[in-house]
Amino acid sequence: GNHTLLTEFVLSGLSSRPELQHLLFFTICLVYSMTLIGNLLICMVTVHPALHMPMYFFLRVLSLLDISTATVVVPKMLVNLLSEDRSISYLGCVTQLYCVVFLASTEWYLLAAMAYDRYVAVCRPLRYSAIMSTRACLSLVLLSCCSGQVVSVVQTAWVFTLSLCGPRRINYFFCDIPPLVMLSCTDTSLYERQLVSATALVIFTPFCLILLSYICIISSILKISSAESRHKAFSTCSSHLTVVTLYCASGTLIYLQPKSSNSQDAKKILALIYTTVIPTLNPLIYSLRNKEVKEVLIRAM
């Protein structure tokens, strides 16, 4: 009965050391600018008629999701680095959490759809056009968005039905599940078990599908007699596998132990990688390792 309901939160940010605030601001501002420029370039380049293929359609959607993820988190973080007032309203926190979970979940399901596309391209090349039609690609993207919507609504509603009471300071740089769970003044063991199940559903289920796809892909590649064709097939798939590995490593380490205070600083670093660094790396990974994208980009420039 003595608990005070929270109407706003205060984000502690990346670091409490004043001498680091300006350095962090300029560094993150530079990374965010690279994220916007790189992903917008991917969006523009993949519209080119030479790249009208399902793989590049999925890549364009992935770039839009990366831009959205960074934009939901980074501008508020930049403002807080230069301001003494680091408060965020209750509704603002709910909205930020919903958007982050929605975009992250959608991106995971989209990566599974991209793995399926690579499987059809390598293992069913003669039927590729028929299977991966425009309608099929749109359906996979829509299914990814709907799945992300369901996960986000459930997780956001569940977090904010917990009894969140003082202190109102969130030891994080944005509203995310682990730091909000730590503000709960009631037993959260049931929610933590549910979160582990949701993590398995959102991360490990697509990961298992991706792994199964690549087992079939590698098996088919090894049967190709031409060394050049094998190299091309491997290089096409390696970019996607690199992104999947980065997402899987950071996502599982953040959400498998939501109320672990000892690893909160480590989770901040992982979350920064997840929301800021990976969206910057995606265009580099896909463009620098893809000959067709590089050729179109050079011609366009």
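This note sets out numbered points on the structure shown above.

1. Basis of the model. The model is predicted: local features need pLDDT of at least 70, side-chain atom pairs count only at pLDDT 80 or more, and totals for chains, interfaces and linings use all residues. Residues are numbered from 1 along each chain as its sequence is written, and side-chain values use heavy atoms, with hydrogens and water left out.

2. Packing of H1 and H10. Helices (H or I, at least four residues) and strands (E, at least two) are DSSP runs numbered from the N terminus. Helix H1 spans residues 18-45 and helix H10 residues 291-300; their axes lie 10 Å apart and the packing angle is about 90 degrees. Axes here are lines fitted to C-alpha atoms, for helices over the stretch in contact, and angles run from 0 to 180 degrees between N-to-C directions. H1 and H10 are therefore roughly perpendicular to each other, since angles under 35 degrees count as roughly parallel, over 145 as roughly antiparallel, 65 to 115 as roughly perpendicular and the rest as oblique. On the H1 side, Leu-41, Ile-42 and Val-45 meet Val-293, Val-296 and Leu-297 of H10; contact means heavy atoms within 4.5 Å.

3. The terms are set as follows: buried means under 20% relative accessible area, exposed over 50%, and partly exposed in between (1.4 Å probe, protein chains only). Leaving aside residues up to four places away in sequence, Glu-292 touches Leu-51, Met-53 and Tyr-56. Phe-26 is found in helix H1 and is exposed, with a relative accessible area of 56%.

4. Salt bridges. The structure holds 2 salt bridges, each being a side-chain nitrogen of Lys or Arg within 4 Å of a carboxyl oxygen of Asp or Glu. In one of them, Glu-8 pairs with Arg-168, with the closest N and O atoms 2.7 Å apart. This pair links distant parts of the chain, 160 residues apart: Glu-8 is in strand S1 (residues 8-11), while Arg-168 is in the loop between helix H5 (134-159) and strand S3 (169-170). Glu-8 is partly exposed at 31% relative accessibility, and Arg-168 is partly exposed at 37%. Arg-118 forms a salt bridge with Asp-117, where the closest N and O atoms are 2.9 Å apart. Arg-118 counts as buried at 10% relative accessibility, and Asp-117 is buried at 1%.

5. A nonpolar patch. Ile-269, Ile-273, Val-277, Leu-281 and Leu-284 form a nonpolar surface patch with about 360 Å² of accessible area together. Patches are made of residues with over 30% relative accessible area and no salt bridge; like charges are joined within 9 Å, and nonpolar side chains (Val, Leu, Ile, Met, Phe, Trp, Tyr) within 5 Å. Accessible areas come from the Shrake-Rupley method with a 1.4 Å probe, and for residues only the protein chains shown count as cover. Val-277 sits in helix H9 (residues 264-288) and is partly exposed, with a relative accessible area of 31%.

6. Asn-80 lies in helix H2 (residues 54-82) and counts as buried at 5% relative accessibility. Not counting residues up to four places away in sequence, Asn-80 touches Leu-11, Asp-85 and Arg-86. Tyr-214, in helix H7 (residues 189-222), is buried with a relative accessible area of 4%. Tyr-214 and Leu-11 are 203 residues apart in sequence and 41 Å apart in space, C-alpha to C-alpha.
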